[in-house]
Amino acid sequence: METENTIKKLLNEIYEPYTGKTLGEIGAIQNIEKLKAGVKVTLELGFPLSGYEETLRKNIFSVLEKMAVKPLKIDITSKITARAAQRGVPTLNQVKNIIAIASGKGGVGKSTTATNLACAISHEGGKVGILDADIYGPSQTKMLGTTGKPDSLDGKKMEPITNHGIQSISIGNLIKEDTPMIWRGPMATGALEQLLNETNWKELDYLIVDLPPGTGDIHLTLCQKIPVTAAVIVSTPQDIALLDAKKALKMFEKVKVPVLGVIENMSGHICPKCGYEDNIFGKGGAKKMASEYSIDELGALPINTDLRHSMDCGNPIVIENINSKISQAYLDIGRSITAKISILNKDFSRKFPNIVVEDS
């Protein structure tokens, strides 16, 4: 028993970088079992970690090796649960967590970032979907390589279109590529609600909502009628882009949606021939914004020709070349996002039964 208690004490103090907390603080230690020969440790984390599991295991071994317990077996699993959204907004039965990806300003690579983050989280073991909320300028059909209209098996709900392991739906799946959406605000927000609620999502751990630029009707509908778990801001380092990114941040703060952090996109360009780094849009803007508003800088992504080409071809870089530096950066940011979600308050509303009052 003394050995198990000592191991538990050491485990409790191990720092887990993606959550920013210790294993003890996040309640990761499920069981410590003394076997005939050695000890078995069982851990459970709240985010997908197939690419991170071995690194975490090695870190734990390095801490425990001083105890000379051999053999020591470490089992690590993940269990993704629903986290709380805005109060009073009904949850979706088939979607555990909704992540809004916003920028405030257009042209900063938000949709590219959203697509590759979805692929990165899926690669780590999460069940992921994308809702393209840009009704006027949908791009997810191109980036995910989804063609054709969605099926409807019951005549009521649309089936999501799945490619690269990602379930998705977009207004772009319902109209021709060159058809402009000349709609007033109420029609656009109605379309967003239909896309969300009339799609037959299949047991998603995370639904990523790719928002349009600005802070208008679509964004208000998202915050008032859709159960958003958390938001992520994407910006270039340029001061003009950061002005709008700050507005998006403030919008989420006002509607009580937690902002997990900011991603600096187009953060410099490294010449593939000589290695010279040219900070075309500046550098460090996201870090400055993060410091100013007490949020996290989730990562920085450079301008990359292969990334641009992969998106134009509908084959995201995380799918096309998982070992590239930029894909590894997406994986790292994806872990940060899901890990931060895992320590938010749990959603207990799903556990309460519906109360029906009937006349006897």
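Contact here means heavy atoms within 4.5 Å. Keep in mind that this is a predicted model.

With that cut-off, take helix 5, residues 185–197, and helix 6, residues 217–225. On the helix 5 side, the residues in contact are G185, A188, T189, L192 and E193. They meet D217, I218, T221 and K225 of helix 6. Sorted by class, the contact of helix 5 with helix 6 has 3 nonpolar, 3 polar and 3 charged residues.

Now the geometry. The axes of helix 5 and helix 6 are 9 Å apart, and the packing angle is about 45 degrees. Helix 5 is therefore oblique to helix 6. The crossing of the two is right-handed.

On to the strand, which is strand 11, residues 230–235. Is strand 11 mostly covered or mostly uncovered? Mostly covered: 6 of its 6 residues are buried.

Side chains in a regular strand alternate between the two faces of the sheet. In strand 11, A230, V232 and V234 point one way. A231, I233 and S235 point the other way, and both sets are buried.

Which strands pair with strand 11? One is strand 6, residues 95–102, which runs parallel to strand 11 and is joined to it by 4 bridges. Within that pairing, A100 has A231 as its bridge partner. Another is strand 12, residues 259–270, also paired with strand 11 in the parallel sense, over 5 bridges. There, S235 stands opposite E264.

That is what I have; questions are welcome.

Key
Residues numbered from 1 in each chain as written. Predicted model: local features only at pLDDT ≥ 70, side-chain atom pairs only at ≥ 80, totals over all residues. Heavy atoms only, no water. Buried < 20%, exposed > 50% of the residue type's maximum accessible area, 1.4 Å probe, protein only. Pairing = 2+ DSSP bridges. Axes fitted to C-alpha atoms, helices over the stretch in contact; angles between N-to-C directions. Parallel < 35°, antiparallel > 145°, perpendicular 65-115°, else oblique. Left-handed = near helix turned anticlockwise from the far one by under 90°. Nonpolar A, V, L, I, M, F, W, Y, C, P; charged D, E, K, R; others polar.
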